[in-house]
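Come along and check each entry as you read.

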Amino acid sequence: RAFVDGPYTHAYYPAMYERHGFARRFEGETFVLPGLDRLAKPVEKLVSFDDSRLERERLEVRRANRRRMKHELAFVRELLNASFAQLGYYTEIDEDELAYQVAGLGFLLDERIALYLFKDDRPIAFILCIPDISEFVRKVNGDLGLLNQLRLLATRRRYRSEAICVIQGTI
């Protein structure tokens with residue numbers, strides 16, 4: 001609680017490291033998609049698509065599917081490696097590593113906000129957003145062991161008001 005409410009805010013640590021000679025590199029941003037809990041609408045109402053472009057370029061937006069996750073991971077890995085290959089710090093991810101990285105993701109996945117873009121029936125882009133469970137993670141002090149995964153599964157509707165865009169890539 002002292003970390004969240006006390007003097008150790010998110011701004012504290014970067015300044016402390018910089019005072020000790022560290023420099024920032026590869027800074028990132030967190031993108032949040034608000035309002036998921038108020039919308040019983042399809043994702044097309046959350047994020048607009050240019051329907052004429054989709055038709056003209058023979059593009060198709062598809063949602064992720066929990067039941068097909070194993071199959072989808074194969075092309076996600078290809079998209080991930082291809083879209084990040086030009087970055088000097090990126091190391092190609094293999095099948096086993098990706099499976100490890102996304103283990104347990106199925107129970108968090110909101111299929112409305114994990115999307116793929118296909119062209120001529122081939123995947124060319126993806127975006128993965130997941131419900132923001134930060135509040136839950138703080139409550140359990142970061143312990144996402146089996147018992148707390150079950151607790152999260154039972155209460156996950158509480159954490160559906162915002163989503164965090166975890167990663168995206170385009171070929």
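Predicted model: local features only at pLDDT ≥ 70, side-chain atom pairs only at ≥ 80, totals over all residues.

I began with cavities, and the structure holds 1 cavity of 30 Å³ or more. I looked up the volume next: about 30 Å³ of space lies in the largest cavity.

Which residues line the largest cavity? I noted Leu108, Pro131, Ile133, Leu152, Arg156, Tyr159 and Arg160. Sorted by class, this lining has 5 nonpolar and 2 charged residues, with no polar ones.

I picked Leu152 from the cavity lining and listed its contacts. Setting aside neighbours within four places in sequence, Leu152 is in contact with Phe107, Leu108, Ile133, Phe136 and Tyr159.

**Helix α8**

Leu152 took me to helix α8, residues 146-155, where the buried residues are Asn148, Leu152 and Thr155. I jotted down a reminder for myself here: an α-helix has 3.6 residues a turn, so residues three or four places apart point the same way.

I then turned to the face of α8 pointing away from the buried side, and found the exposed residues Leu146, Leu147 and Ala154 there. Back on the buried side, I asked what covers those residues, and the cover includes α7 (134-139).

**The nonpolar core**

Next I looked up the largest nonpolar core, which has 26 residues. Leu152 turned up again: it is among those with the most contacts inside this core, together with Leu105, Leu108 and Tyr116. The elements giving two or more residues to the core are α5 (69-84), β3 (114-119) and β4 (122-131). Of the contributors, α5 gives the most, with 7 residues.

**A last stop at Leu109**

Where does Leu109 sit? I found Leu109 in the loop between α6 (95-101) and β3. Is Leu109 buried or exposed? Its relative accessible area is 2%, so Leu109 counts as buried, the cut-off being under 20%.

I also listed its contacts, leaving out neighbours within four places in sequence: Leu109 touches Ala64, Arg66, Met69, Ala114, Leu128 and Arg160. Leu128 made me check the spacing: Leu109 and Leu128 are 19 residues apart in sequence and 8.9 Å apart in space, C-alpha to C-alpha.

Technical notes: Residues numbered from 1 in each chain as written. Heavy atoms only, no water. Core = buried A, V, L, I, M, F, W, Y, C linked by side-chain atoms within 4.5 Å. Buried < 20%, exposed > 50% of the residue type's maximum accessible area, 1.4 Å probe, protein only. Helix = DSSP H or I, 4+ residues; strand = E, 2+ residues; numbered from the N terminus. Contact = heavy atoms within 4.5 Å. 1 Å grid on protein atoms, 1.4 Å probe; cavity = no way out; pocket = protein on both sides within 12 Å on 5 of 7 lines; lining within 4 Å. Points joined across faces, edges and corners; volume = space filled by probe spheres on them. Nonpolar A, V, L, I, M, F, W, Y, C, P; charged D, E, K, R; others polar.
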